[in-house]
Amino acid sequence: MTPFTRIVVLWAVTAACFAAFNAAYWPLNAHRVRTDPANFTAYAQRLEANGRVQDAIAALERGIAAFRPSCAAPYEQLLRLYAQAGDLAAHDALEPTVMFRAALENVDPDRRDAMLRDAARARLQQDKPPGVAPVTAEALQRFAVNLTAVYGAGRAILDMGFEEHFALLSIAGGEFRTDGIIGETGVACPVDILVQSGGGQGVQRAAHIVVNGRDYARRERGIHVVLFDPATAEVLHWDCFDLYDDATAAQRLARLLHRAPEGCIGAFAVFDDGSVNMTEELEIELLRFGLERAALVDRAPALVGLRHSLAAIGVKGAPRSSALQAWAPERFETCDGHPVACGVLRPWGAAS
Amino acid sequence: MKQPWTLYLLVAAGAFLVTFVLVPAFRWLARRLDVVDRPSEARKVHRRVIPYLGGVPFYLAFLGTILFIEAFYPQYSQASFFPMCLVGTLIVLMGLYDDVANMSSSRKLLLELGLFILLYFWGGFRATEIAHPFGGTIHVGWLALILSPLWIAGVVNAVNFSDGLDGLAAGLVFVCAAAIFAIGFTRGQTTSCIMMAYLMGCTLAFLCYNFHPASIFMGDAGALFLGFVLGASTLIERQKGVAVVALAVPMVVLTVPILDTLLSFYRRLLRARQGQFFMPDRDHLHHRLLDLGLSQRQVVLSLYYLSACMGLLAFILSGVPGAYGFLILVLAAMAIAFCVVVLRFIEGFARNGGRAAPPESNADVE
C-alpha cells in the first residue's frame with residue numbers, strides 16, 4: 001500500500017467520523033438553542049405566531065426578569081404585545097423603559113440626549129420622587145452620569161434635575177424606595193443610602209455606597225460592603241472583597257456577614273466582578289440579608305454572574321427577596337450592560 | 001459554587017471507556033495499513049516496530065464527549081465547542097499525514113498557527129488580558145492575536161516534543177489535566193473541569209497500552225490533538241464576558257513540557273546557522289536523563305513526579321494573592337534553574353568518568 005493510499009484511508013475514516021458527529025450534533029444543537037432560556041425573545045415570537053399572546057407576554061416577562069437585557073428589542077416586543085392584548089396600564093408603565101433603551105441605541109449624541117430627557121419625563125409623569133437632601137441629589141446626579149457615560153451621553157445629563165436623574169436610574173433597572181423603608185423588609189432606614197454597582201470593564205465599572213452623603217466604596221475590584229446599625233446609623237464595618245483574584249476573600253466576607261448582628265443593615269456593590277470565587281457559603285450569607293438569586297446563569301438561578309452589576313441594600317435576618325436589589329448583566333447579545341443603582345430615600349425634611 | 005460532580009465523573013469514565021475500547025481496534029488498523037514507527041533514527045529509544053494511531057481514539061472520545069454534553073447537559077454546552085471540534089479534526093488530519101508521510105516541522109508549525117488564528121477569530125479563543133505579576137491584569141489589546149495562537153501552538157508542540165518515551169506524553173498530560181482540574185474546581189470553572197476530566201479519562205486509558213513497554217504510540221495525531229485540547233482549554237473558561245487569561249497557572253502546571261520546548265527552541269536557534277532549525281535532535285530532557293543511565297521507566301516516573309510537584313505549586317499559586325504568587329513563581333524558577341545546573345554538573349561528571357568536569361567542557365554540549 002502506498003503512503004498516499006494509507007493517508008486517503010485514514011483521512012476517509014476521520015472524515016466519516018466527523019460527518020457522523022455533525023449529523024448527530026446539529027439537531028441536538030438546534031434543540032438546545034431553541035430551548036435555551038436566553039433565547040426567550042425567539043420563543044415568544046413563536047408563541048405569538050401561534051396566537052398565544054398571553055403566553056408570549058409571560059415568556060417575555062420571565063426572560064426580562066431573568067436576563068435584564070440591555071438591548072431595546074425585548075422591551076419593544078413586550079410593549080407591542082401589551083398593546084395587542086389591550087393591557088394599557090402595563091403598556092404605559094413600560095413605555096419609558098422602551099424610550100430609554102431606544103435612546104441608548106441611538107448613535108446621534110444630540111438626539112440621544114433629547115430622547116433620554118423624554119424618557120425621564122415620561123417616567124416622572126407616572127412616578128415622581130419627593131424632595132431629597134442636597135447631598136442625595138448630588139449622588140443621584142453622579143450615578144446618572146455614570147449610567148449614561150457607558151453610552152457616551154453628553155452634557156445634557158448634567159443639566160437635568162435630580163428628579164430626572166432619579167427617573168433615568170429607575171428605568172435603567174434601579175430599585176428605589178422613597179419612604180425610607182428598606183425594600184419589603186419593613187425596616188426603616190435612619191439615613192439616606194444610595195448604592196451603585198457597575199460590573200464589566202472600562203466605563204461600565206462603578207461602585208458607590210453613599211450613606212448620608214459619604215461614599216464608602218472606592219474604585220477597586222470586588223464586592224464592596226458597608227454594614228451599619230439600624231438604630232444609630234453608625235457604620236459597623238466597611239470593606240472591599242476581591243472575589244476575582246483572591247480565593248480566600250469569599251471566606252472572609254462570609255465570616256464577616258455571619259458575625260454581623262441580626263437586624264443590621266448591609267449595603268453591597270459589585271465593582272468589575274464579584275462572581276469568580278463566589279462560594280455557596282457566601283451566597284447563603286448574602287441571602288440572609290434578604291437578597292435573591294434573581295439572575296439565570298448557565299440555566300441555574302444565581303445571585304451574580306460573571307461581571308454582572310449588583311447593587312443591594314438588605315437587613316440581616318430579613319426574608320428572601322425582601323431586600324432592594326438591582327442587577328444587570330455585563331452584556332446581553334450584542335448590547336453592553338450598564339451600572340445599576342438602588343437606594344432608600346427619606347422624604348426631605350425627615351433627613352438628619 | 002455547586003459543581004456538577006456527576007458530569008465530571010461521566011465525562012472521565014466515558015472518555016476512558018471509549019479510548020480503552022478503541023485503542024486495540026486502531027492498533028489493528030495501524031498494523032493493517034503499516035502505519036508504524038520503525039526504530040530507524042538514533043533519537044528513537046524503542047527497539048521494536050510499534051503501531052501508531054493510538055491518538056485517534058482521543059479524538060473520537062472528544063467528539064463523543066461533546067455530543068454527550070449537548071444531549072444530556074446542554075446547560076454546560078459552549079458555542080466554542082464546535083470550533084474546537086472542527087479545528088481538532090484538522091489537527092488530527094495533519095497529524096495522520098505526518099505519521100504516514102513525515103510533514104516538515106516548518107510546514108506543520110505554519111499550519112498550526114493558521115488554524116489557531118482561525119480559532120481566535122471564530123471560536124473566540126483569545127487572551128486580551130494577561131495576569132499581572134503583582135495581581136490584577138494587563139490589557140494586551142491587538143497583541144492577543146499573536147499571543148493566543150502562539151500559546152496554543154506552544155502547548156501543542158510541548159506535548160508533541162515530550163512524546164519521546166513510552167507513556168511520557170500521556171502521563172504528563174494526565175498530571176497537568178489533574179492539576180488544572182483541581183484549580184478549576186476550586187474556582188468553579190465548569191468548562192475547564194469538563195475538558196480536564198475528558199483528558200484525564202482518555203490519557204489514563206491510553207496509558208494502559210502505552211506505559212513501558214508500549215504496544216502502541218499515539219503518534220503525531222494524538223500528541224497534537226492532546227496538546228491542542230489542553231492549550232485551548234486554558235483559554236476556553238475565560239472567554240465568557242471579557243477574555244481574561246491568567247496564563248501563569250497553566251504555565252506552571254505545564255512547566256516540564258514547556259521548559260523542554262524552550263530548551264529545544266534554544267538549541268535549534270543555535271543550529272539555525274547551519275540551516276537545521278527544523279531538524280529534530282536527541283537532546284530533550286528525557287533523552288538526557290536516559291543518557292545519565294536511568295531506565296526508561298525511571299525517567300518517565302521522575303518526570304511525572306516533577307510535573308506533579310509543579311501542578312501542586314500551581315494549585316498553591318492559584319489560591320494566593322498576586323504579589324505572593326509572583327514570589328512563589330520566582331522561587332520556583334530559581335529551583336528549576338538550580339536543578340538544570342545540577343543536571344549539567346552530573347552530566348559533566350558522568351562524561352568524565354566520575355571526575356568533576358572543567359567549566360569550559362560545557363561549551364560543546366550543543
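Trainee: How many helices and strands does chain B have?
Mentor: Chain B comes to 13 helices and 5 strands. Helices (H or I, at least four residues) and strands (E, at least two) are DSSP runs, numbered from the N terminus. This is a predicted model: local features need pLDDT of at least 70, side-chain atom pairs count only at pLDDT 80 or more, and totals for chains, interfaces and linings use all residues. Residues are numbered from 1 along each chain as its sequence is written, with chains lettered from A and ligands numbered from 1 in the order in which they are written.

Trainee: What share of chain B is buried?
Mentor: Of its 366 residues, 49% count as buried. Buried means 20 or more other C-beta atoms within 10 Å of the residue's own, exposed 12 or fewer, partly exposed in between, with C-beta atoms placed from the backbone.

Trainee: Switching to chain A, how many residues of α9 are buried?
Mentor: 8 of the 10 residues in α9(A), residues 162–171, are buried. Among them are H165(A), F166(A) and L169(A).

Trainee: What covers them?
Mentor: The cover includes α5 (88–104), α6 (109–126), α7 (134–149), β1 (175–177) and β14 (340–344) of chain A.

Trainee: And what follows the helix?
Mentor: G173(A) follows α9(A), with a positive phi near 100°.

Trainee: How many residues does each chain put into the contact?
Mentor: Chain A gives 31 and chain B gives 34. Two residues are in contact if their C-beta atoms, placed from the backbone, lie within 7 Å.

Trainee: Which helix gives the most on the chain A side?
Mentor: Helix α1 (residues 3–35) of chain A, with 15 residues.
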